[in-house]
Amino acid sequence: MQIDWTPFSYTVVNLARQIRPNELAFSGVNSTLPMLACLLAKRAYDFHFTYLNVAGGVEPVPTTIPHSSSDPALVAGSPAIFANEDFYDLCARGGLDLVFLGCAQVDGEGRTNVSVIGEWKNPRVRLPGGGGAAVMMPTAKRVVTWRTEHSVRTLVEKLDFVTAAGNLQTVVTPIAVFRKRDGRLALESRNPQVALDEVIRRTGFKFDASGATLTAPMTAREQAALEGLDPRGEFAAAVRA
Amino acid sequence: MTLVAGLRAAAYGVPFQPVGGVHGSDLAALNGWRKIADPYGSGQEVYVIPAISPDIAVIHANEVDEHGNARVLGSPFWDHPLTRAAKRVLVTAERLVPSESLAAQPELTLVPGFMVEAAAVVPRGAWPGSMHPLYEVDYDAVEAYLKDEPGVLEAHLAAAPEQSEK
C-alpha cells in the first residue's frame, strides 16, 4: 500500500535522499528538518556517510531528538567534537560534500536571502542572517535548501537581498524538488498529490519542467525511520501545509 | 564566519583576515568588504575582513579556579577566537575548583587565568541555554520568553535559577 505524503514527510525524506554514499554531510542552526533528514538517512539507508552538525557532533548517536538543530544533544555519542571553527574551515577549504543551508527566499538561480524582507535600511522583516551561508554556499561542493512554505513569496524571481550565492544544487519543498540545470533551478520531481499547474502557480520564478518525474514513493524503511524519529508527531505538527 | 574572520584578525594581531567564499553575496557591498588578488599569483581573489576586537568577552565555563583558569566541557562553539580577540575577558562558571584539578588535565582549560580579568561562580548561569553535561536547554522558558506580551521579561527574570537560591 502506498502511503500519502504529508508536507513534513515529503520534505524530510526528499532532503535525506540528497545524501550520497561516503559523503561528509553537515546540518546547521535552525535546521530541524535537515537534522531529521540526516538522522533518517542513517537509519533508512545502507550506505555510509559522515554526519557533522553545528553543535560539534561527528557521527552522533543522540539518545533524544532535540527541537533545536544546534542542541548539545547532537554531540551525544560523538567520538570527537568538531566545533564551529573546524567545520567552517573544512567547508572553506572544500572539504564538505553536502551542506544544508536554510533560506527565507530562493531565486531561480539558486541564490538565497536570509537577511531582510524589504529594503535593508527600512525592512519589513529583519531576518536572522546567514549564519555563515555567504562563506559556505560558494565553498561547499553541494548545497541543499528547503522551504516548508512553497509560495511566490518564498520562491521568487528577484530576491530582496542576496545573502549567499554559489553551489546550491537542490531545493526541497512539501510539493516539489528542484535541481539546478545549466545555472537555473529546474523541476526534478513533484509530489504526486500535486498537479504540475499548481507547482507552476505557487512558484515565483520560471523553471524548466521538462523531464520532471513524480517523486518516488516513501519506502517502508524511510517511513519506519521517520516514525522512530518523531513518534509523537511533534515535528510533523510544526510543518503546516 | 566573516565575523570569526574579523575576530581572528584581532587575535592574530593583523588588520584584516582573508576568508573563503562571500563571492556573489550582497553582504560584501553592504559591509564595505574589500576583495584582493592573491599577491603570490594564483589568480584567486579573496575577501578580506577587517579586525574585530570586542572590548569585553564574557564566556560561561564549567569550572574555574581562583586564578581564573577556566575549563569548558563539550563543544566550545566560538569561545576560543572570542577570548583571543577581546581586549578583556570575563568568566562565569558553574563551580569553583582547586587549581590542581585543572592541572591534572590542562588541555581542557579553554582560557588560562592570565587572560582573565575577573570570574564569578554562577551555578546554572547558562539558563535558559544549556551547559554540557550538566543541564539541557529549557525550551519551555525560551518559548515563554518569546511571547510579545506585557510582563514577559519580568516573569523570565523571576524564573531565573539565581532567584530560587536567594
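This is a predicted model: local features need pLDDT of at least 70, side-chain atom pairs count only at pLDDT 80 or more; totals for chains, interfaces and linings use all residues.

Start with helix H6 of chain A, residues 220-229. Show the side chains of Glu222(A), Ala225(A) and Leu226(A), which are buried. These residues sit on the same side of H6(A), because they cover an arc of only 100° around the axis.

What lies over the buried residues of H6(A)? The cover includes two helices of chain A, H1 (7-16) and H2 (32-44).

Select that pair next. The axes of H1(A) and H2(A) come within 8 Å and cross at roughly 65°, and the crossing is right-handed. From H1(A), the contact uses Thr11(A), Val12(A), Val13(A), Leu15(A) and Ala16(A). H2(A) brings a set of residues that includes Leu33(A), Pro34(A), Leu36(A) and Leu40(A). Colour this contact by class and you get 11 nonpolar residues, one polar and no charged.

Last stop: the contact between the chains. Chain A puts in 29 residues and chain B 25. On the chain B side, pick out helix H1 (2-12), helix H2 (27-31) and helix H3 (79-85), each of which supplies at least two of the residues touching chain A. Coloured by class, that side of chain B shows 12 nonpolar, 11 polar and two charged residues.

Conventions: Residues are numbered from 1 along each chain as its sequence is written. Chains are lettered from A and ligands numbered from 1 in the order in which they are written. A residue is buried if 20 or more other C-beta atoms lie within 10 Å of its own, exposed if 12 or fewer, and partly exposed in between; C-beta atoms are placed from the backbone. Helices (H or I, at least four residues) and strands (E, at least two) are DSSP runs, numbered from the N terminus. The arc is that of the directions from the helix axis to the C-beta atoms. Two residues are in contact if their C-beta atoms, placed from the backbone, lie within 7 Å. Ala, Val, Leu, Ile, Met, Phe, Trp, Tyr, Cys and Pro count as nonpolar, Asp, Glu, Lys and Arg as charged, and the others, Gly among them, as polar. Axes are lines fitted to C-alpha atoms, for helices over the stretch in contact, and angles run from 0 to 180 degrees between N-to-C directions. A crossing is left-handed if the near helix is turned anticlockwise from the far one by less than a right angle, and right-handed if clockwise.
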